[in-house]
Amino acid sequence: MDLYYMPLSAPCQSVRLLAKAMNLHLNLIHLDLFKEEHLKPEFLKLNPQHVIPTITDNDFVLWESRAILIYLCEKYGKGDAWYPRDPKKRAMVNQRLYFDMGTLYQRFSQRFYPVIFEGKPLLDETLPPLEEAFGFLETFLADSTYVAGDRITIADLCILTTITCMKVAAGLDFTQYPNVERWYGLMSAEVAGFEEVCVQGAQEFAPFFEVVKKLQQQ
């Protein structure tokens with residue numbers, strides 16, 4: 001199975017973590033988006049939306065990291081590890097996946113990506129929505145070991161890569177969110193490949209946030 005990816009991409013990292021956990025071999029194909037390698041004709045033919053991560057599983061092509069995670073679980077998973085079959089438990093995992101995509105990661109990107117990729121100013125009004133998202137996650141973890149219940153799922157992998165990007169690359173402080181810190185410590189110790197995939201990937205992303213850190217010091 002081929003995975004088109006960049007190491008610094010949190011969504012790409014989540015796919016790599018699950019593959020490692022499931023002992024699935026991935027043929028890693030690096031696409032440098034900054035050099036517009038994702039716009040080459042051969043990749044556009046494969047994926048007209050030209051986004052990463054993208055996988056090819058024989059003649060099947062799929063992109064969007066959360067869709068890929070679900071596909072890998074449903075096709076290659078043993079039992080219901082990582083993605084429960086119970087409708088209510090599965091619905092909770094799905095909700096957390098959508099929360100990561102549509103709230104947590106989205107608000108993070110809305111605050112920082114226009115600054116680091118487009119040279120736009122850092123807007124004060126983008127901070128409260130992001131802090132609200134942190135508060136939501138803190139509440140989710142108040143009575144639960146993992147983000148979607150009492151066992152680890154693909155939702156944890158997604159949110160782990162997002163939070164690692166925030167902490168390691170962007171240097172955000174989560175000390176006022178003790179439930180998130182507790183969960184993050186558990187995940188960093190429990191998830192195979194955390195240092196190699198998440199931390200190293202986030203460290204590669206960190207230089208892009210230097211402009212943001214300078215603005216915040218002014």
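View 1. S1 (residues 2-5) pairs with S2 in the parallel sense, over four bridges. Two strands count as paired if DSSP finds at least two bridges between them. Strands (E, at least two residues) and helices (H or I, at least four) are DSSP runs, numbered from the N terminus. The model is predicted: local features need pLDDT of at least 70, side-chain atom pairs count only at pLDDT 80 or more, and totals for chains, interfaces and linings use all residues. Residues are numbered from 1 along each chain as its sequence is written, and side-chain values use heavy atoms, with hydrogens and water left out.

**View 2. The open sheet of four strands**. The strand order is S2-S1-S3-S4, and the pairing is mixed. S2 (27-30) and S4 (60-63) are the edge strands, each pairing on one side only. From one strand to the next, the twist averages 20 degrees.

**View 3. The S3-S4 hairpin**. S3 and S4 run antiparallel and are joined by four bridges. Asp-57 has Phe-60 of S4 as its bridge partner. Two residues lie between the strands. Asn-58, in the turn, has a positive phi of about 60 degrees.

**View 4. Helices H1 and H3 against the sheet strands**. H1 lies across S1 and S2, at about 155 degrees to S1. H3 lies across S3 (54-57) and S4, at about 135 degrees to S4. Contact means heavy atoms within 4.5 Å. Axes are lines fitted to C-alpha atoms, for helices over the stretch in contact; angles run from 0 to 180 degrees between N-to-C directions.

**View 5. The Lys-20 to Glu-196 salt bridge**. The closest N and O atoms are 3.8 Å apart. Lys-20 lies in H1 and Glu-196 in H8 (residues 194-205), so the pair ties together parts that are 176 residues apart in sequence. The count comes to eight salt bridges, each a side-chain nitrogen of Lys or Arg within 4 Å of a carboxyl oxygen of Asp or Glu.

**View 6. The largest pocket**. Its space is about 540 Å³. The lining has 21 residues; Ser-9, Pro-11, Leu-33, Ile-52 and Tyr-105 lie nearest the centre. H1 (10-21), H3 (65-76) and H4 (87-118) each give two or more residues to the lining. H4 provides the largest share, four residues. A pocket is an open set of points on a 1 Å grid over the protein atoms alone, where a 1.4 Å probe fits, with protein on both sides within 12 Å along at least five of seven lines; lining residues have an atom within 4 Å of a point. Volume is the space filled by probe spheres set on the points, which are joined across faces, edges and corners.
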